[in-house]
Amino acid sequence: MPFISKIERQTDYTQFDSTVPIVIDNGGSYFRIGWAGEDEPRVIFRNIVQRPRHKTTGETVTVVSDHNPALLRYFDCTRSGPRSAFDGNVVYQFEIMEYILDFGFDRLGADQSQIDHPVLITECACNPIQSRCRMAELLFESYGVPSIAAFGVDAAFSYKYNQQLGICNSDGLAICSGFMTSHAIPFINGEPAYEACCRTNVGGYHVTDYLKQLLSLKYPHHISKLTWEKVEDLKMEHCYIAPDYTSEVRIFKKGAKEAEEKTRCWQLPWTPAPVEEQPSEEELARKAALKERQGQRLREMAEAKRSSRINELENDIRGLEFLLKQLKQVEENNVPAFLRETGYASKQEIESNLAKAIQSLRKAKGEQVETEEKMDASTADKYNLVNVPDDVLTPEQLKEKRKQLFLKSTTEARQRAKQKRIEEELEREKQMKLEEEKRLENPERYLEDLRAKYRELSEKVEQRKRLKTNGNNTNGNQNGSGGVGRGERLNAAQRERMRLLTTAAFDRGKGEDTFGIKDEDWQLYKLMSRDDDEEDEKSNEDEADLARVSSRLREIDPTFFPKAESGSSTAEPPRFRPLTKEDFQLILGVERFRCPEVLFQPNLIGIDQSGLDEMAGVSIRRLPCKNQGLEEKITKSILMTGGSCQYPGMAERLEAGIRMIRPCGTPITVVRASDPSLDAWRGASVYAAAMQFPNQTFSRTDYYEKGEDWLRRYQFNYTL
């Protein structure tokens, strides 16, 4: 099961005497701190630091261990990833280490700047002297501790603790698989033989990371749910060590019943979509009646607006006609004054407004407006030189006349094109209205006819494309490569064009080439271009009709999907379905044993190093004294410890791997620690509570007198 952090602040710090040591297990994954002589550490938290920023002020804060979910409301924890003080299993970021020690001492209950208790802190096997010196400097200079037991190896403390429990012997081998590294440490007469120690840079971090990668590739749409913490929980709950990796893979490859029994399922949070109940007939009738009333109301509003508009236009027309009658009765000299009173500049402006009002009235009444009536009344004045003979005009007037002719023809062409578009739009609306009436009259028959028309048009378009590219094999003349000849790829119009070109080339090929001198020679190009234009027009019309029918089918038939173009590899698009409970399930099959297999085969993740079983053999071969009896004693007491040694089946797999590299008949016994995660701290706690513990400490006075060089010669004795 996953570990649970304990970060409640202790309140009994002052009740302990200053001679009681503080025990710290400084692991790569978890930091454990407590009092010597106790069975459990007081405080446990993840050995990481984060520095998120406040979402409003931008202020940066330091958060040790996992961030509190309540911080997500105020701080942005996504831009600041967790940082560790370790490089592998060696402490090298002592700024981060100081944050972690501050938090640990504060949670233990210390409320002063100095720590007046001796400190026992663990380190990795064969820790570099530089890291040990920096840690001593941090504890002495920053916290003022009186003495340090510098420094004990966590795997050695775990082995000694289990030796006291009778689980292992004084001569044996400790295999410690931690967060970033794994060690094999032989023990002779209860003391570790570091000269025979072996290390591999593979641990629980690599197992978790490998599982996260596999699940992210398998379920990319759930990658946001696969957080590091959740994947680590899945690893601790479901992963196991296969007795034989190859045979286990073969079982899952066959998909036998045994593989199904070993498969686990992780159900993600899922809320079923609300089921829409079909409305009853009364509800449908009520909605239809409501829709009809709304439509009737809209029609009445539109009719009232249209009537108001017609009345307004009729009043304007009557006013303009009355104004023109008055203008006829006004004398010539009084016309400018009369126009100024009415607000018009000229008689032509009044006539133009009258024509526009009449045109708008006809539109409002739904009458068709002819093109000739759309012309302004001032057209004659605007193009006054068009009908004048050229012989009575000056050169400047002739130039102006040509300009007016061009403008007039362009304007008339635009008017005709506009009128044609209006007519086409009206015809299209009329056709759509008729189709809608047919659909409402008999929906099934209308849909069947529309599908038949779509099939007919699509076949016609495909046949035309096939004739242009692949031919129709009508002559049966195929070339040697299985294709078709040039003549078979041509339709009747194209063959006629080729005949015309061939005839022209034959007629003109003798003697001097005089093609193009006569005007009738150019009729040949008109014939050829006419064939192409007719063919292209037919093709464009069919494709436009096909697109229109396809669009209509998409509107009324949700199961319709247009066919892919010929020669295209596009498949039918997937049909969407509502998400179900199974879509939010993560299946753990081969991943259960494939990920922890990296502890025995690191090459699965690209690390060319030895596995745990090979490390045991290497460590035994490195023993300083080559004694068959000593080797047998060591193999009879192999202890597994560390957080990554808790997988089911690990002891059996490790025993089988060591048996393969040891001589036949060698006694091999592999046992697991009573608590692989906490035995290191418990062993250190028992060690610090012994009466002889002060003899193993390195005091602050010794540090100031002897300096850091004395730590190079410091030897920690585990047997008191």
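Biologist: Leaving aside its neighbours within four places in sequence, which residues is L612 in contact with?

Modeller: They are I175, S182, L599, F600, M650 and L654, where contact means heavy atoms within 4.5 Å. A word on the background: this is a predicted model, in which local features need pLDDT of at least 70, side-chain atom pairs count only at pLDDT 80 or more, and totals for chains, interfaces and linings use all residues. Residues are numbered from 1 along each chain as its sequence is written, and side-chain values use heavy atoms, with hydrogens and water left out.

Biologist: What makes a set of residues a nonpolar core, and which members of the largest one touch the most others?

Modeller: The members must be buried Ala, Val, Leu, Ile, Met, Phe, Trp, Tyr or Cys residues, joined through side-chain atoms within 4.5 Å. The largest such core has 45 residues, and L599, L612, M650 and L654 touch the most other members. Among the elements that give it two or more residues are helix 17 (612-621) and helix 19 (650-661); helices here are DSSP runs of H or I with at least four residues, strands are runs of E with at least two, and both are numbered from the N terminus. Apart from it lies another core, of 39 residues, including F31 and F86.

Biologist: Why are helix 17 and helix 19 called oblique to each other?

Modeller: They pack at an angle of about 45°, with their axes 8 Å apart. Angles under 35 degrees count as roughly parallel, over 145 as roughly antiparallel, 65 to 115 as roughly perpendicular and the rest as oblique, so helix 17 and helix 19 are oblique. In this pair, L612, D613, E614, A616 and G617 of helix 17 meet M650, L654, G657, I658 and I661 of helix 19.

Biologist: How do you know that H183 is buried?

Modeller: Buried means under 20% relative accessible area, exposed over 50% and partly exposed in between, with a 1.4 Å probe and protein chains only. H183 has 8%, so it is buried. This residue is found in strand 13 (residues 182-188), and among its contacts beyond four places in sequence are N89, C176, R199 and M615.

Biologist: Why is helix 20 described as largely enclosed by the rest of the structure?

Modeller: Because 9 of its 10 residues are buried. Those include W681, R682 and Y687. The buried residues of helix 20 pack against strand 1 (22-26), strand 2 (30-35), strand 10 (119-123) and helix 3 (154-164).

Conventions:
Axes fitted to C-alpha atoms, helices over the stretch in contact; angles between N-to-C directions.
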